[in-house]
Amino acid sequence: MRIVCIGGGPAGLYFGLLMKKLHPEHSVRVVERNRPYDTFGWGVVFSDATMAAMQEWDPESAAEIQDAFNHWDDIEVWFKGTRQRTSGHGFVGIGRKKLLNILQKRCEELGVELIFETDVTSDLDFPDADLVIGSDGLNSKIRNHYPEVFQPDMITRPNRYIWLGTNKLYDAFTFDFRKTDHGWFQAHIYKFDDKTSTFIIETTEEAYLAHGLDKMDQDGSIAFCEDLFSEVLDGASLMTNSRHMRGSAWLNFNRLICGKWSHFNGNSHVVLMGDAAHTAHFAIGSGTKLAIDDAIELTRQFQINGHGKEQIPAVLETYEDIRRVDVARIQNAARNAMEWFEVVGRRYADTLEPEQFMYSMLTRSQRISHENLRLRDKTWLEGYERWFAKKSGIAVGNDRCLPPMFTPYQLRGTTLVNRIVVSPMAMYSARDGLLNDFHIVHLGSRALGGAGLVFAEMTCVSPDARITPGCLGLWNDEQAAQWRRLVDFVHTNSAAKVGIQIGHAGRKGSTKLAWEGIDQPVSEGGWPLISASAVPYLKDSQVPKPMDRDDMDRVKADHVRAAELAATTGADWLELHCAHGYLLSSFLSPVTNLRDDEYGGSHENRARYPLEVFRAMRAVWPEDKPMSVRLSCHDWMDNGNTPEDAAIFAQMFKDAGADLIDCSSGQVSKQEQPVYGRLFQTPFSDKIRNEVGIPTIAVGAISEADHANSIIAAGRADLCAVARPHLADPAWSLHEAAKIGLTSIAWPKQYQSGKYQYEANLARAATAAPAK
């Protein structure tokens, strides 16, 4: 094949040398616009996995790269006058110029033709090429020549950063956070050779402009940064290698995702690699890793499918399918880390104590979890667990400390024995709204299973407020009596507390039981629906009546009656359901609220009625018991509510007396396009808790103790609600404690023999030799 790599970065050079090494008969050219051995940039960071792959594919260049590596295990954080350090993280760094020089030299040894000082504007400049590699970086001219094919999605991120260097050497990956009169600045610092360290400084656009950095030349910016970070620099100066740039050298990071990575231009197959195809923020240092991994995978596919021209289409298709998955995983982690730094000032640095700030920073990408930190640095993590436990009111001794999810939590006069909540989950098993033996067994077993707070499903305020004929209700004394039966059982037989979630189905009511046809209208015995506006949930759903003032007064009175009845049951916690497209949610969301009166339009108007209902309920609910609000924090629609809107509503409910926000999302419209994933709703809780300053519950894809401990320890939520895992395992909390070796958590005395055997079986399995 005739191969042309446009762009002499890591992707183009490494792919070129691998293909030439494996099949010397290939004609391989790398075309680079810069001069030979003249590259820009400071240090880059590698992963151990990428280095292992390079050793497998080309041991010669890998050995030289490894000899030039600088390795360090520690992370050190300078913050609010403290210096905290943790170990076991395993980074390797190398100068970008050194890396490219090694790859250039290796290409020359293998016979790859290197062409420098040539600026390529189009793949069509090489009509004789069979394969053209677009490895020409973020501003790829090859990609930009075919925007309709490659479908680039480029987003310019809000923060500003400047990439500098210093001759001061650091023995840890160092982060330094400094507050100014106009906001926070942070430095990302790491050594990459025996003389130089990378020194990236980042801040918000607001702080950048307020300090006049947009009007400074590079020397002015450097002087500013040297003064701001003088303590960590300890007399050393900062350097730039961007003298070729005019004016300010401060940049915005551009996040890039391409819809497609390859194209046939009529003569040649064109494929993108590295930053031309995707970018990952420097917060996790994976840009170079992704470029090298691209080159290796494309080479691997030629090895598998054959190196002939006729194999190119199949190779490119498989290459993209495989790489897209790994790139998405890295980009998701990079996005989490990037967003953490973008909001670090107002969300974390201003609010968290140094110990929790450190934990939050270490877990910012959500790839590093609580137990992973234990593997990396057990001493540091156990010290942090003791700090967290002490903050939670636990007397700390020398024994193993309770991990965060098992620490107590107090709100008003209610203390939960731990931070795990059984989510409200519809059982569709009531008759006339009444709790029955099924509910007693179902909810009672989860209380016995170790959760700190147990919620029943959304409990409706009137017969016409139900989702289905099988939903729970609380509109009469008979129902309240059954609730008292449940509350008495839980309080007598467990340490759990009981929560009642009050709500009204609105436009999503009068439907069949889930197993008979979820969200489908009942065939007979239905009831008329009301909502903020005449917007049906499904095309074949009943069209709801827009509520008038009489409807509002009646429904508010129903909510107040339900709250008064709830108070008589002895329940410990009350929650108002304002999420998932139900009645009060339909007022909050612009997708379902099309009103032009005082209850529609602005945030204040859309929240007016839900707040009216909340205040009336709070007035009759006992003062010493907490009351929370469940919100849909993202409608997952272009014209719907976003996390920013949710924060506005959370502040309103906080001001009205809410004690906590239960942070869910979606289910407002069937046209939603949610982005699922591990802990996918936790960022909404994180934002509301740390920006609005109100306690939160995190929900969504939390399925193990490691998840809950990570969330709570980092201050992303105060409580974690677990749904489906509790359906599969009523004793989820007790079992998760045993899985992490926590034997001090009490089981019901009737189950003690099961506890000992369960823990013994886990210990035996952990020490058993793997099967051969």
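A residue is called buried when its relative accessible area is under 20%, exposed when that area is over 50%, and partly exposed in between. Keep this in mind as we walk through the model, which is a predicted one.

Let's start with Lys80, where the definition is put to work. Its relative accessibility is 43%, so Lys80 counts as partly exposed. You can find Lys80 in the loop between strand E5 (75-79) and strand E6 (82-86). Its backbone also deserves a look: most residues other than glycine have a negative phi. Lys80, however, has a positive phi, near 50°.

Asp234 sits in the loop between helix H9 (230-233) and strand E14 (238-239). With a relative accessibility of 60%, Asp234 counts as exposed because the cut-off for that word is over 50%.

Now let's turn to the inside. In soluble globular proteins, nonpolar side chains tend to be buried together. Here the largest nonpolar core has 202 residues, and those with the most contacts inside it include Tyr14, Phe15, Leu298 and Leu631. Helix H11 (residues 312-342) supplies the largest share of this core, 11 residues. Both domain 1 (2-340) and domain 2 (406-728) give residues to the core, so it lies between them. To see some of the packing up close, pick Leu298: leaving aside residues up to four places away in sequence, Leu298 touches Phe15, Ile133, Val271, Met273, Val315, Leu316 and Tyr319. Another core, of 22 residues, lies apart from the largest one, and Ile201, Phe224, Leu228 and Leu238 are among its members.

Strands of a sheet pair through backbone hydrogen bonds, either parallel or antiparallel. Three strands of this model form an open sheet in the order E3-E7-E4, with antiparallel pairing. Strand E3 (43-46) and strand E4 (70-72) stand at the edges with a single partner strand each, so one side of each has no neighbour in the sheet. From one strand to the next, the twist averages 30°. E4 and strand E7 (residues 91-95) are joined by three bridges, and Val92 in E7 is the bridge partner of His71. Helix H4 (residues 96-110) lies across E3 and E7, at about 75° to E7.

Finally, look at residues 405-733, which an unreviewed UniProt entry annotates as "domain: NADH:flavin oxidoreductase/NADH oxidase N-terminal". Over this stretch the chain is 36% helix and 15% strand, and its end C-alpha atoms are 9 Å apart.

Definitions and conventions: Residues numbered from 1 in each chain as written. Predicted model: local features only at pLDDT ≥ 70, side-chain atom pairs only at ≥ 80, totals over all residues. Heavy atoms only, no water. UniProt positions renumbered as here; feature names shortened; annotations may be inferred. Helix = DSSP H or I, 4+ residues; strand = E, 2+ residues; numbered from the N terminus. Core = buried A, V, L, I, M, F, W, Y, C linked by side-chain atoms within 4.5 Å. Buried < 20%, exposed > 50% of the residue type's maximum accessible area, 1.4 Å probe, protein only. Domains from an automatic or database assignment. Contact = heavy atoms within 4.5 Å. Pairing = 2+ DSSP bridges. Axes fitted to C-alpha atoms, helices over the stretch in contact; angles between N-to-C directions.
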